[in-house]
Amino acid sequence: MSDLVIETTGLRKEFSSVRGEKRVAVSDLDLAVPAGGVHGFLGPNGSGKTTTIRMLLGLARPTRGTMRLFGQPVPEQLPHVIGRVGAVVESPKFSPNFSGRRNLQLLAGAIGAPSSVVDSAIETVKLGGREKDRYKGYSLGMKQRLAIAATLLKTPDLLILDEPTNGLDPSGIREIRETIRDLGESGVTVLLSSHILAEVQQVCTSATIIGNGRLLASGRVDDLLGAGTAYRVVVPDPAAAADVLARAELEVTPHEGTLHVEAERPEEITRALGEAGIWLTELTPLRADLESYFLRLTEGEQLGQGGQGGHDGHDNGAIA
Ligand SMILES: Nc1ncnc2c1ncn2[C@@H]1O[C@H](COP(=O)(O)OP(=O)(O)OP(=O)(O)O)[C@@H](O)[C@H]1O
């Protein structure tokens, strides 16, 4: 029995335009989301993330392919597993004149959940202190956190969040990120869809990257990026230092008056330079990041919007 929480095989979705043209939104996608932790589902706008999520939740019908949630085939067995799934795909409808707490109480009552889950959901999303204020006075970030709280009322094993930070300012993004990280650490499996790679990199343990509905890469984030083994080295005489480091069999690349050096451990660099009487003024690990990885994967490709009108530019860690 597989321990995958979400599994799709050859999943495909085609849409037809009014003029009868076929648009492939999801193309033969094999998605494998392991149990526990936060799994990033990444791709530019229009790459097929929402369509995939909608198919998993029974909101859209696949053209072909198979899907499983908790090992059960869906949509066939969806009624048996949907109780274990919480999803924020669109903004839920809350009553604007009721407080966040009252809204949650009504929802909890509707699904027969005990009122104690309302308190713990409020605590998990860090709405404490503002939960008695009216919903209409909430910031966008608070509304988004209330939406996550609503999905927590049925204590789901799988939480699906589609672009939860869309439209939020940096502090809102940071708060949601902390909530998502806490949830992943609490044992819930979180599928976090986003086009902002920098945001996802900070909370995800594993990730699937798609472009034009196709799978581009999948795996643990650390494995996707490779071990962090490059360093930026600043020394008074880069040429002399490069010579010493090369003799110590380290790979060195000059870069704008500094050196980029590949090494398993920083001591390999400091020892080689120290023994040659060269004292470095700066040594900084160069973090590989998901965004550069994505751009490398998709070099020269037209991505997003089904390949029509999309581009692979980026801005503040977002891929569009
Ligand atoms: N109901 C629909 N009818 C026709 N085309 C659709 C429909 N829903 C989605 N598409 C198209 O399918 C492609 C994938 O869209 P989708 O919304 O799944 O992407 P996404 O990765 O979630 O993007 P975003 O981040 O912008 O939500 C796009 O080209 C979109 O225009």
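This is a predicted model: local features need pLDDT of at least 70, side-chain atom pairs count only at pLDDT 80 or more; totals for chains, interfaces and linings use all residues.
1. Glu 256 is exposed, with 7 other C-beta atoms within 10 Å. Phi of Glu 256 is near 45 degrees, a positive value in a residue that is not glycine. Glu 256 sits in the loop that joins β12 (251-255) to β13 (258-262).

2. Glu 163 counts as partly exposed because it has 19 C-beta neighbours inside 10 Å, and the cut-off for buried is 20 or more.

3. Next, a peptide bond. The link from Val 74 to Pro 75 is cis, with omega near 15 degrees. Pro 75 lies in the loop between β5 (72-74) and α2 (78-81). As background, most residues other than glycine have a negative phi, and most peptide bonds are trans.

4. Now the chain as a whole. It has 320 residues, and 38% of them are buried. Its secondary structure comes to 11 helices and 16 strands. Along the principal axes, the C-alpha atoms fill a box of roughly 75 × 55 × 40 Å. Of the contacts with a separation of 6 or more, 69% join residues 24 or more positions apart.

5. Which residues have the most contacts inside the largest nonpolar core? They are Ile 160, Ile 180, Val 190, Leu 191, Leu 192 and Val 200, in a core of 44 residues. Strand β2 (residues 22-34) supplies the largest share of this core, with 5 residues. Apart from this core lies another, of 16 residues, including Ala 147, Ile 148, Ala 150 and Leu 153. In soluble globular proteins, nonpolar side chains tend to be buried together.

6. Leaving out residues up to four places away in sequence, Ile 180 touches Val 38, Leu 161, Val 190, Leu 192 and Val 203. Val 190 and Leu 192 are also among the residues with the most contacts inside the largest core.

7. Two helix pairs are worth checking. Two packed helices are described by the angle between their axes and the distance between the axes. Helix α9 (residues 238-247) packs on helix α10 (residues 266-275) at an angle of about 115 degrees, with the axes 9 Å apart. That angle makes α9 roughly perpendicular to α10. The crossing of α9 past α10 is right-handed. From α9, the contact uses Ala 241, Val 244 and Leu 245; from α10, it uses Ile 269, Ala 272 and Leu 273. By class, this contact has 6 nonpolar residues, no polar and no charged ones.

8. The other pair is α3 (residues 100-111) with α4 (residues 116-124). These helices pack at an angle of about 135 degrees, with their axes 9 Å apart. α3 and α4 are therefore oblique to each other. Their crossing is right-handed. On the α3 side the contact is made by Arg 101, Leu 104, Gln 105 and Ala 108, and on the α4 side by Val 117, Val 118, Ala 121 and Ile 122. How do these residues divide by class, and what are the counts? The contact of α3 with α4 has 6 nonpolar, 1 polar and 1 charged.

Methods. Residues are numbered from 1 along each chain as its sequence is written. A nonpolar core is a set of buried Ala, Val, Leu, Ile, Met, Phe, Trp, Tyr and Cys residues joined through C-beta atoms within 7 Å. A residue is buried if 20 or more other C-beta atoms lie within 10 Å of its own, exposed if 12 or fewer, and partly exposed in between; C-beta atoms are placed from the backbone. Helices (H or I, at least four residues) and strands (E, at least two) are DSSP runs, numbered from the N terminus. Two residues are in contact if their C-beta atoms, placed from the backbone, lie within 7 Å. Axes are lines fitted to C-alpha atoms, for helices over the stretch in contact, and angles run from 0 to 180 degrees between N-to-C directions. Angles under 35 degrees count as roughly parallel, over 145 as roughly antiparallel, 65 to 115 as roughly perpendicular and the rest as oblique. A crossing is left-handed if the near helix is turned anticlockwise from the far one by less than a right angle, and right-handed if clockwise. Ala, Val, Leu, Ile, Met, Phe, Trp, Tyr, Cys and Pro count as nonpolar, Asp, Glu, Lys and Arg as charged, and the others, Gly among them, as polar.
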